[in-house]
Amino acid sequence: MIKKGILWLHKWLGLFTGLVVFIVSLSGCGYVFYDELKLIIYPQKYYTHEPQSDHIKLLPLTQLIDIAQKVLPEGEKISRADLYLSPNRTWVFRAVKTNEQGIGHHQYFTYHKRVFINPYSGQVQVVENSKTEFFQVILQLHMNLLLGKKIGHWVVGISIIIFIIILLSGIVLWWPKKWSLKKIKRQIWFDFNVKWKRLNYDLHQILGLYSLIFALLIATTGIAFTFPAFKELYVKAFNHLGDTKKLSPQKNFDYVPQNQSKTIDNALSYTLTKHPQAEMMSIRLRKSITESQDIQVRFTEDRTGEFIWYYFNQTSGQIEKLKQSENAPIGDKIGAMNYDLHVGSYGGMLTKILTFIVGLICASLPITGTIIWINKMKKKKKKIARTK
């Protein structure tokens with residue numbers, strides 16, 4: 001009786017959220033290899049036109065920001081810079097403004113631009129309208145179905161929570177009443193000699209079983225993006241369970257030489273000298289001078305879990321605070337890895353491929369599940385017709 005009720009729940013929740021799960025899973029597959037594909041598809045954006053010799057110096061960050069700002073329409077303001085330390089890579093300057101109340105993709109983004117600049121010559125290579133760029137559209141489709149944050153985030157977030165319930169209920173439905181070697185083999189292995197209806201059923205059941213752990217991981221980390229309060233909750237929980245000793249905040253920092261007129265230029269110069277082997281750095285430009293200017297150092301380009309954050313006083317140019325993944329509490333480390341866990345970059349190319357495959361399986365589950373339901377409905381109608 002309980003299993004029958006779970007089957008009913010599994011079926012109707014699946015039919016209710018199937019389309020959303022299909023779109024979110026498939027669009028997620030399309031974004032997994034973005035960091036690799038962007039370099040292949042857009043070499044004119046991400047690589048300088050000519051190799052740079054070692055003796056050529058980088059232009060000051062503020063000068064590059066001014067160059068990027070001048071190629072944008074009036075009213076569009078640079079808000080972030082992504083700096084790639086390889087000598088043949090451009091730096092990317094982002095200008096983004098969103099309307100949280102906007103309905104639909106074009107209403108949600110007031111503007112979304114990226115300016116790709118050679119940091120040695122100051123040459124603007126490409127000005128990208130990211131609002132219509134393929135991978136950014138795929139990302140927004142994945143995050144909010146192109147409906148905007150106000151509606152789309154909720155639709156996707158609730159659908160993924162329901163998907164987790166469907167996955168867990170699927171285990172209960174899969175669980176054999178009686179355990180035997182023959183039964184288990186039938187439950188975990190495909191028989192391609194059966195009729196297509198049975199094969200479709202097996203595709204739904206067995207692929208769902210194989211992908212369960214990774215599908216739960218992807219879905220759970222996805223919820224953390226949609227509902228930041230959930231991320232805060234599990235970060236605090238893991239920090240508490242980890243029973244880590246409270247680390248005394250570092251008070252004695254290196255002196256940052258103020259050789260240039262702008263403190264942000266001095267801050268970047270210090271950070272570049274300190275971490276010459278880093279893959280990239282990100283800087284979110286602060287509106288108020290009273291806010292600390294932060295610089296994030298990433299040691300691997302497409303991983304957020306390995307980092308150092310520097311916070312500089314914008315008046316004095318000196319370091320106020322330092323955060324690094326190396327000595328962070330366990331909850332903070334897991335929280336910082338949320339993106340890596342979601343896209344599969346935590347284990348390199350192997351886990352990315354695995355995440356891609358699991359995404360395809362997740363996209364297939366609503367399809368095979370719907371076919372199972374249609375077949376059962378047809379069977380029921382035939383049975384009713386015979387009794388008349």
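Predicted model: local features only at pLDDT ≥ 70, side-chain atom pairs only at ≥ 80, totals over all residues.
Local features need pLDDT of at least 70 and side-chain atom pairs count only at pLDDT 80 or more, while totals for chains, interfaces and linings use all residues. Residues are numbered from 1 along each chain as its sequence is written, and side-chain values use heavy atoms, with hydrogens and water left out.

**View 1. The hairpin of strands E3 and E4.** Strand E3 covers residues 109-117 and strand E4 residues 124-129; helices (H or I, at least four residues) and strands (E, at least two) are DSSP runs, numbered from the N terminus. The two strands pair in the antiparallel sense over five bridges, where pairing requires that DSSP finds at least two bridges between them. Lysine 113 has asparagine 129, in E4, as its bridge partner. Six residues lie between the strands, and in this turn glycine 122 has a positive phi of about 80 degrees.

**View 2. Cysteine 29 and cysteine 362.** A disulfide is counted for a pair of cysteine sulfur atoms within 2.5 Å, and by this rule there are zero disulfides. The sulfur of cysteine 29 has its closest cysteine sulfur in cysteine 362, 8.1 Å away, which is too far for a bond. Cysteine 29 is buried, with a relative accessible area of 5%; buried means under 20% relative accessible area, exposed over 50%, and partly exposed in between (1.4 Å probe, protein chains only). Cysteine 362 is also buried, with a relative accessible area of 5%.

**View 3. Leucine 145 and leucine 146 in the loop between H6 and H7.** Most residues other than glycine have a negative phi. Leucine 145 has a positive phi of about 60 degrees, and the phi of leucine 146 is positive too, near 65 degrees. Leucine 145 counts as buried at 16% relative accessibility, whereas leucine 146 counts as partly exposed at 28%.

**View 4. The second largest pocket.** A pocket is found on a 1 Å grid over the protein atoms alone, as an open set of points where a 1.4 Å probe fits, with protein on both sides within 12 Å along at least five of seven lines; lining residues have an atom within 4 Å of a point. The volume of this pocket is about 1,100 Å³, taken as the space filled by probe spheres set on the points, which are joined across faces, edges and corners. Of its 39 lining residues, Leu7, His10, Leu173, Tyr201 and His204 lie nearest its centre. Helix H1 (2-32) is among the elements that give two or more residues to the lining, and its eleven residues are the largest share.
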